[in-house]
Amino acid sequence: MTKEEMILLPAMRAGRAPGIEHPIAVMRADHDGHAGNTALIRQLTDGLTPPDHACGSWRRLYAGAEKLLEDLTAHIALENDVLFPRFEQG
């Protein structure tokens, strides 16, 4: 998020600044990494399904993690599919 707030978003606010495709490419690569991490979390947690013996705290942790991953996925899709293409097209 720091890279977005300090580099990419100011460049986007300034318009189609020369070289903007480079920070966008970095963010797309970061997004790919997040997708891999999300998949790994889901794999390691059986799809964020707590076991039958899980306590309430464990269940709330998984529910919160599910919400976080859903929000992250939506954020990435919005940037990749809507925002970035506006600046990548010549």
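**View 1. Overall arrangement of the protein chain.** From the N terminus onward, the elements of the protein chain follow the order α-α-α. The radius of gyration in this predicted model is 17 Å, well over the 12 Å that the globule rule gives for 90 residues, so the chain is more spread out than a compact globule. Three helices and zero strands are present. Along the principal axes, the C-alpha atoms fill a box of roughly 55 × 20 × 20 Å. Buried residues account for 24% of the 90 residues. Among contacts with a separation of 6 or more, 56% join residues 24 or more positions apart.

**View 2. The largest nonpolar core.** Eight residues form this core: Leu-8, Ala-11, Met-12, Ile-20, Ile-24, Met-27, Phe-84 and Phe-87. Two or more of them are given by each of α1 (2-13), α2 (21-44) and α3 (56-88). Helix α1 provides the largest share, three residues. In soluble globular proteins, nonpolar side chains tend to be buried together.

**View 3. Surroundings of Phe-84.** Phe-84 is one of the residues of the largest nonpolar core. When residues up to four places away in sequence are not counted, Phe-84 touches Leu-8, Met-12, Ile-24, Met-27, Arg-28, His-31 and Glu-79.

**View 4. The largest pocket.** The space in this pocket amounts to about 150 Å³. Its lining consists of Met-1, Lys-3, Glu-4, Met-27, Asp-30, His-31, His-34, Leu-72, His-75 and Ile-76. By residue class, the lining comprises four nonpolar, three polar and three charged residues. At least two lining residues come from each of α1, α2 and α3, and the largest share, four residues, is supplied by α2.

View 5. Apart from neighbours within four places in sequence, Leu-72 is in contact with His-34 and Thr-38. Leu-72 and Thr-38 stand 34 residues apart in sequence, with a C-alpha to C-alpha distance of 9.1 Å.

Note on methods:
Residues numbered from 1 in each chain as written. Predicted model: local features only at pLDDT ≥ 70, side-chain atom pairs only at ≥ 80, totals over all residues. Heavy atoms only, no water. Core = buried A, V, L, I, M, F, W, Y, C linked by side-chain atoms within 4.5 Å. Buried < 20%, exposed > 50% of the residue type's maximum accessible area, 1.4 Å probe, protein only. Contact = heavy atoms within 4.5 Å. 1 Å grid on protein atoms, 1.4 Å probe; cavity = no way out; pocket = protein on both sides within 12 Å on 5 of 7 lines; lining within 4 Å. Points joined across faces, edges and corners; volume = space filled by probe spheres on them. Nonpolar A, V, L, I, M, F, W, Y, C, P; charged D, E, K, R; others polar. Rg over C-alpha atoms; globule rule 2.2 N^0.38 Å.
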